[in-house]
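Colleague: I have a model open and want to learn how to read its inside. Can you take me through it?

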Amino acid sequence: MITKTLDIQTIRKDFPILQREVNGKPLVYLDNAATSQTPQQVIDTIVDYYQNYNANIHRGVHTLSQEATDAYEAARQKIQKHFNIAKAHEIIFTSGTTQSINLVATGFTSFLKEGDEILVSAMEHHSNIVPWQMLCERTGALLKVIPMNLDGELVMEEYHNLLSDKTKLVFCNHVSNALGTVNPIEKIIDAAHKVGAAVLIDGAQAAPHIKADLQALDVDFYTVSAHKMCGPTGVGMLYGKEEWLKKLPPYQGGGEMIAEVTFEKTTYADLPHKFEAGTPNICGGIAFGAALDYMNSIGFDAIAQYEDELLQYATEQLLTIEGLKIYGTAVHKTSVISFNIEGIHPYDIGTIVDKLGIAVRTGHHCAQPIMDFYQIPGTVRASFSFYNTKEEVDKLVEGIKRAKNMLL
Ligand SMILES: *Cc1c(COP(=O)(O)O)cnc(C)c1O
């Protein structure tokens, strides 16, 4: 298969922030796993909304309200098409992955009892651990962990051993934000379904790199945050199979989610409105749709191929630095590199390279259990997007060498 080559310099012009300087140096933005930057096309969508048709949706008969409603629902359809979702009402707009997971975890309270088991992977983001711990406290269910190996891959044998007819739910990220590991979610979903367990896949870190086909995966729930894929913060989606969303109780009460309210009894609205109480992030939802349009106009095959080249190049170049160790060496990885240099605290490296205009993340990346596993306080994490370049990788490598000379 021939994938088109990307014209990175033209793509970079779409991102105004990439033109700015930090500490007198051109910005080198390598913190894409925390949040991605926003192209002008998405910024224009946001400005257009507030300049021309800002109004509340689904309620007004006036023109602005109808235009806003149409644009918001068109965004839902873009999400539907992108992720190959059977029905648009299986998409719930949320504030992002964290809220999506909390919605499901809260909803499962009445479905679980003492002795039931929930499996979560050893490489989860805190937002995919804590809601399940809270669910276990409410229900008496037991949380069990699917272990990983030193390469940062799940030990699938152990997973199969943990599954039983007690397993009611399995939770795993599609891609680990701390290590970049792409997990074998097809196998995880199939095996869970064989024992009758439901599966939630946290797609926050996968969605910028991999176009997931949710019908082919046959997953029960899938979550995405728009801000990790060129969209704005504070908006995302929960996909849920219709049968699950019908069974789950509403998450929040309020306007929009009701069919009829009296003081004696309230009946709930149909999907998706049952889960969309109150005025949503209308502009954010519309901009999420614009972000999908933008990324699809570049093409996910081309993005994946280019980012993989960057990953290989950056891995090779970083490993030329003596004492540098990479955490997360799975065979299937996205463009995330977590590393440390012997004898240096990750925070010190992050601070020095920031003086050179380079943005990397340091710390535990909301995944403390992974750091405990490797017995380290944290890592430096460089995460690359399709708008990064090999020259920027070179600047990172130079910056780290400088930091090392200063600190050792
Ligand atoms: C970013 C991220 C989250 C949390 O997403 P929010 O947008 O902060 O809700 C959860 N899981 C993974 C894997 C992530 O990368």
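Colleague: How many cavities of 30 Å³ or more does a search of the whole structure find?

Modeller: First, the ground rules. This is a predicted model, where local features need pLDDT of at least 70, side-chain atom pairs count only at pLDDT 80 or more, and totals for chains, interfaces and linings use all residues. Residues are numbered from 1 along each chain as its sequence is written, and side-chain values use heavy atoms, with hydrogens and water left out. A cavity is a set of points, on a 1 Å grid over the protein atoms alone, where a 1.4 Å probe fits but cannot get out. Points are joined across faces, edges and corners, and the volume is the space filled by probe spheres set on them. Here the search finds one cavity of 30 Å³ or more. The volume of the largest cavity is about 110 Å³.

Colleague: Which residues that line the largest cavity are the closest to its centre?

Modeller: A lining residue has an atom within 4 Å of a point. There are 17, and Asn32, Pro208, His209, Lys228 and Ser385 are the closest to the centre. By class, the lining has eight nonpolar, seven polar and two charged residues. Pro counts as nonpolar, Lys as charged and Gly as polar.

Colleague: Which domains does the lining draw on?

Modeller: Domain bounds come from an automatic or database assignment. That assignment gives domain 1 (8–30 + 299–407) and domain 2 (43–296). The lining takes at least three residues from each. The domain centres, over C-alpha atoms, are 29 Å apart. Their contact (heavy atoms within 4.5 Å) takes 33 residues from domain 1 and 32 residues from domain 2.

Colleague: How many residues has the largest nonpolar core?

Modeller: A nonpolar core is a set of buried Ala, Val, Leu, Ile, Met, Phe, Trp, Tyr and Cys residues joined through side-chain atoms within 4.5 Å. Buried means under 20% relative accessible area, with a 1.4 Å probe and protein chains only. The largest core has 107 residues, and those with the most contacts inside it include Phe83, Leu214 and Phe288. Helix α10 (residues 282–298) gives the most, with 11 residues. Helices here are DSSP runs (H or I, at least four residues), and strands are E runs of at least two, numbered from the N terminus. A second, separate core of 24 residues includes Trp244 and Phe275.

Colleague: Which residues of helix α12 are buried?

Modeller: An α-helix has 3.6 residues a turn, so residues three or four places apart point the same way. In α12 (residues 346–355), Pro346, Ile349, Gly350, Ile352 and Val353 are buried. The buried residues pack against elements including β14 (336–341) and α14 (390–407). Just after α12, Gly357 has a positive phi of about 85°.

Methods:
Buried means under 20% relative accessible area, exposed over 50%, partly exposed in between (1.4 Å probe, protein chains only). On a 1 Å grid over the protein atoms alone, a cavity is a set of points where a 1.4 Å probe fits but cannot get out, and a pocket is an open set with protein on both sides within 12 Å along at least five of seven lines; lining residues have an atom within 4 Å of a point.
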